[in-house]
Amino acid sequence: MKAFLQTRLVTLFVIPNLLFAFGLWALGPEDMIEWLNAAIVALAAGVCVAYFTTTRDILLGRLPLHKVHWLALGIFVSWGGTQIGRWWSIAWRWLGMPPWLANSWVVAYGLFLVACGAYFHLIADEAIGEERVPPRRWIRWGAIVAAAVFLMVVASFVVDSYSQAGFTPHLFG
């Protein structure tokens with residue numbers, strides 16, 4: 001039992017999930033979302049500040065676009081987009097969850113930045129030391145899975161827009 005408690009699995013997965021479950025039990029989902037929004041905004045701001053000068057130097061042409069720089073851009077852009085989404089969620093909740101705030105260009109832009117960041121992460125293989133992280137074949141699998149999931153979601157929008165469910169996405173409606 002002692003060996004299990006000292007494993008990385010416990011440290012990186014079990015303990016954080018137990019803490020989350022306890023927090024959810026103690027606070028409830030609504031308060032938990034507020035606390036997690038605050039934590040994510042704070043941590044995302046810290047990440048963006050930490051990667052700001054590197055991102056600035058890449059954008060101004062002071063640094064080349066090596067794999068490590070794509071990774072740095074991915075980190076900055078995805079956490080910037082996450083921060084936009086979480087700030088917007090906080091404001092939306094504070095204002096009583098008005099529908100006009102739910103589907104705004106700000107939400108769309110935050111999601112766009114997260115998608116760009118994810119793309120930058122995928123093309124940043126070999127960015128970490130001598131080891132290829134992630135391995136090239138897993139990047140291909142990741143791209144295949146990403147394309148398949150995207151096609152399934154788009155297909156569900158199309159099917160739903162012609163069904164009796166009543167949901168008509170603007171993209172297809």
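Predicted model: local features only at pLDDT ≥ 70, side-chain atom pairs only at ≥ 80, totals over all residues.
Residues are numbered from 1 along each chain as its sequence is written, and side-chain values rest on heavy atoms, with hydrogens and water left out.

The secondary structure of the protein comprises seven helices and zero strands, where helices (H or I, at least four residues) and strands (E, at least two) are DSSP runs numbered from the N terminus. Read from the N terminus, the order of elements is accordingly α-α-α-α-α-α-α. Of the 173 residues in the protein, 22% are buried, a class defined by a relative accessible area under 20%, with exposed meaning over 50% and partly exposed lying in between (1.4 Å probe, protein chains only). Among the contacts with a separation of 6 or more, 55% are made by residues 24 or more positions apart, contact being defined as heavy atoms within 4.5 Å.

Helix H3, which spans residues 29-59, bends by about 50 degrees at Phe52, the bend at a residue being the angle between axes fitted to the seven residues ending there and the seven starting there. The buried residues of H3 are Met32, Asn37, Val41, Ala44, Cys48, Thr55, Asp57 and Ile58, and they pack against helix H2 (8-27) and helix H4 (67-94). An α-helix has 3.6 residues a turn, so residues three or four places apart point the same way. After H3 comes Gly61, whose phi is positive, near 80 degrees.

Two packed helices are described by the angle between their axes and the distance between the axes. For H3 and H4 the angle is about 145 degrees and the axes are 7 Å apart; axes here are lines fitted to C-alpha atoms, for helices over the stretch in contact, and angles run from 0 to 180 degrees between N-to-C directions. The crossing of H3 and H4 is left-handed, a term applied if the near helix is turned anticlockwise from the far one by less than a right angle, with right-handed used if it is turned clockwise. The residues of the contact of H3 with H4 divide into 18 nonpolar, eight polar and four charged, with Ala, Val, Leu, Ile, Met, Phe, Trp, Tyr, Cys and Pro counted as nonpolar, Asp, Glu, Lys and Arg as charged, and the others, Gly among them, as polar.

Thr55, found in helix H3, is buried, with a relative accessible area of 4%, and, when neighbours within four places in sequence are left aside, Thr55 is in contact with Ala72, Leu73 and Phe76. Ile40, also found in helix H3, counts as partly exposed at 29% relative accessibility. Not counting residues up to four places away in sequence, Ile40 touches Trp79, Thr82 and Arg86; the C-alpha atoms of Ile40 and Trp79, 39 residues apart along the chain, are separated by 9.2 Å.

In helix H2, Gly23 is buried, with a relative accessible area of 12%. Leaving aside neighbours within four places in sequence, Gly23 is in contact with Gly28 and Met32, and a C-alpha separation of 9.7 Å was computed between Gly23 and Trp35, which lie 12 residues apart along the chain.

The largest nonpolar core consists of six residues, namely Ile58, Ala72, Leu73, Val77, Leu113 and Phe120, such a core being a set of buried Ala, Val, Leu, Ile, Met, Phe, Trp, Tyr and Cys residues joined through side-chain atoms within 4.5 Å. The elements that give two or more residues to this core are H4 and helix H6 (105-122), and the largest share, three residues, comes from H4. Val77, which lies in helix H4, counts as buried at 15% relative accessibility; not counting residues up to four places away in sequence, Val77 touches Leu113, Cys116, Gly117 and Phe120. With the same exclusion, Phe120 touches Trp70, Leu71, Leu73, Gly74 and Val77.

Finally, Met97 is placed in the loop between H4 and helix H5 (99-102) and has a positive phi of about 60 degrees although it is not a glycine. Most residues other than glycine have a negative phi. At 36% relative accessibility, Met97 counts as partly exposed.
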